[in-house]
Amino acid sequence: MAENVEITVGARGADWSPAARVRGLGTSVFTEMTELARSTGAVNLGQGVPELDAPAALLRDVAETVLAGGNQYPPAHGFPALREAVAAHQLRRYGLSYDPRDEVLVTTGATEALAAALLGLCDPGDEAIAFDPCYDAYPAGARFAGARLVPVPLAEDGDGFVLDADALRAAVTRRTRVLLLNTPHNPTGKVFTDGELAAVAEVCREHDLTVVTDEVYEHLVYDGAGHRTIAALPGMRERTLTVSSAGKTFNVTGWKVGWVCGPAHLVAAVAAAKQFLTYASGTPYQEALARALGGVEEWAAELRAALRRNRDLLSEGLARAGLRPLRADAGYFVQADIRAWGHADGVRFCRELPLHAGVVAIPTSAFQMRPDAPSYLVRFSFCRREKSVVEAVEKLVAAM
Ligand SMILES: *Cc1c(COP(=O)(O)O)cnc(C)c1O
């Protein structure tokens, strides 16, 4: 576990230790579980790495772009054609108009956009609020910025999670600068409802908070009304940075092309940090994605159908195996309650599962900031080939 990693040797002697801002970030449970999958040959439903194909035309376009010489630095803010395609995408889908010249910034994945946003918006001692559980890059990014990440628990409600608006209100202080929102949400698969988004927006307007909304699963909503963005609510466009990425939408998580849209002054703050993190990256990918993004709806409909089928197979299978699945309306993951198997500790369960059942999962505690958060949930990914999902389910049923 990360907390136990001690780096004690090096040129500066036995008392050497890394900077406080990275202490304890050594090896994550993701690395441990990926290694267990490799060493045991278990079916890996741990990390959210797609096994599904990317659009063939997009792959060919990248290859041709590379051969045609598209291999040098892109413009610092991203290729104009991609910024225009992102702006067109936001207008078409959400009715939000952004100027591609200074209200759209291309980043090295959503991860860099999130880190650069926290670095660009928070001074040391400031506070950022995030819903707990959350994507593990948020606490790390806040820490790098010297900010305190304040967790607001999502409340478990039946087979899903709901916003606790009172807890959100209670978490706001004079130092709160940023609210980190993630919808559709990883690891729960929750889609914030219109009512919840309105309640979050009200708190942000009232306390003059900037919202950084992570919407990398915007195209992967399987049930209900589909994706809504908080930036489209009254008074929110001017205080919201919307982050997304090509990785999850096109099954190209290794390309690391993301983007952020928002009012020019907020985007400029992100760009100021971003230029000295990577400057710019991904020339052939950016060029090809600029051409692909216009047709994303057709592609995403196909991908959603495959993922929805996998989600259903996994949820039904978990239920058959006696591991109560929680509702997942979107994204890549289903969480399961391990208590019926006589377990209460997800970390221990996930360490034993590859040997006991031949399946790898990730404990939800890897996404939790509160020490008192429940430890009985584990996360299974279904962004895999249908065959892998079916095989994992069979193994779980056999091991129950
Ligand atoms: C995968 C993921 C990211 C990272 O996106 P990249 O474009 O690969 O950097 C960010 N946020 C969430 C919630 C994710 O699941």
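I take helices as DSSP runs of H or I with at least four residues, and strands as E runs of at least two, both numbered from the N terminus. The model is predicted: local features need pLDDT of at least 70, side-chain atom pairs count only at pLDDT 80 or more, and totals for chains, interfaces and linings use all residues. Residues are numbered from 1 along each chain as its sequence is written, and side-chain values use heavy atoms, with hydrogens and water left out.

**Entry: the annotated domain**

I looked up the record. An unreviewed UniProt entry assigns "domain: Aminotransferase class I/classII large" to residues 43-395. UniProt positions are in the numbering used here, feature names are shortened, and annotations may be inferred rather than shown by experiment. I find 39% helix and 18% strand over residues 43-395. The end C-alpha atoms of that stretch are 9 Å apart.

**Entry: salt bridges**

My rule asks for a side-chain nitrogen of Lys or Arg within 4 Å of a carboxyl oxygen of Asp or Glu. The count by this rule is 28 salt bridges.

I checked Arg93 with Glu297; their closest N and O atoms are 3.3 Å apart. Arg93 sits in helix α3 (residues 80-94) and Glu297 in helix α11 (residues 296-320). The pair links distant parts of the chain, 204 residues apart. For accessibility I call a residue buried under 20% relative accessible area, exposed over 50%, and partly exposed in between (1.4 Å probe, protein chains only). Arg93 is partly exposed at 28%. Glu297 is partly exposed at 27%.

Next I took Arg177 and Asp126, whose side chains form a salt bridge of 3.3 Å, N to O. Arg177 is in strand β7 (residues 176-182) and Asp126 in the loop between α4 (109-121) and β3 (127-132), so the pair ties together parts 51 residues apart in sequence. Is Asp126 buried or exposed? Asp126 is buried, with a relative accessible area of 4%.

Then I looked at Glu206 and Arg169, a salt bridge with closest N and O atoms 3.1 Å apart. Glu206 belongs to helix α7 and Arg169 to helix α6 (residues 165-171), so this pair ties together parts 37 residues apart in sequence. Glu206 is partly exposed at 48%, and Arg169 is partly exposed at 32%.

I also noted a network of salt bridges linking Glu156, Arg324, Asp337 and Arg339.

Glu196 lies in helix α7 (residues 194-206). Glu196 is buried at 10% relative accessible area. What does its side chain meet in a polar contact? The partner is the side chain of Lys190, at 2.7 Å. I count a polar contact as a pair of N or O atoms within 3.5 Å; within protein, one must be able to donate a hydrogen and the other to accept it, and residues adjacent in sequence count only if both atoms are side-chain atoms. Contact means heavy atoms within 4.5 Å. Leaving out residues up to four places away in sequence, Glu196 touches Val162, Leu163, Lys190 and Val191.

Arg311 is in helix α11 and is buried at 8%. With the same exclusion of residues up to four places away, Arg311 touches Tyr222, Asp223, Ala328, Asp329, Val334 and Phe382.
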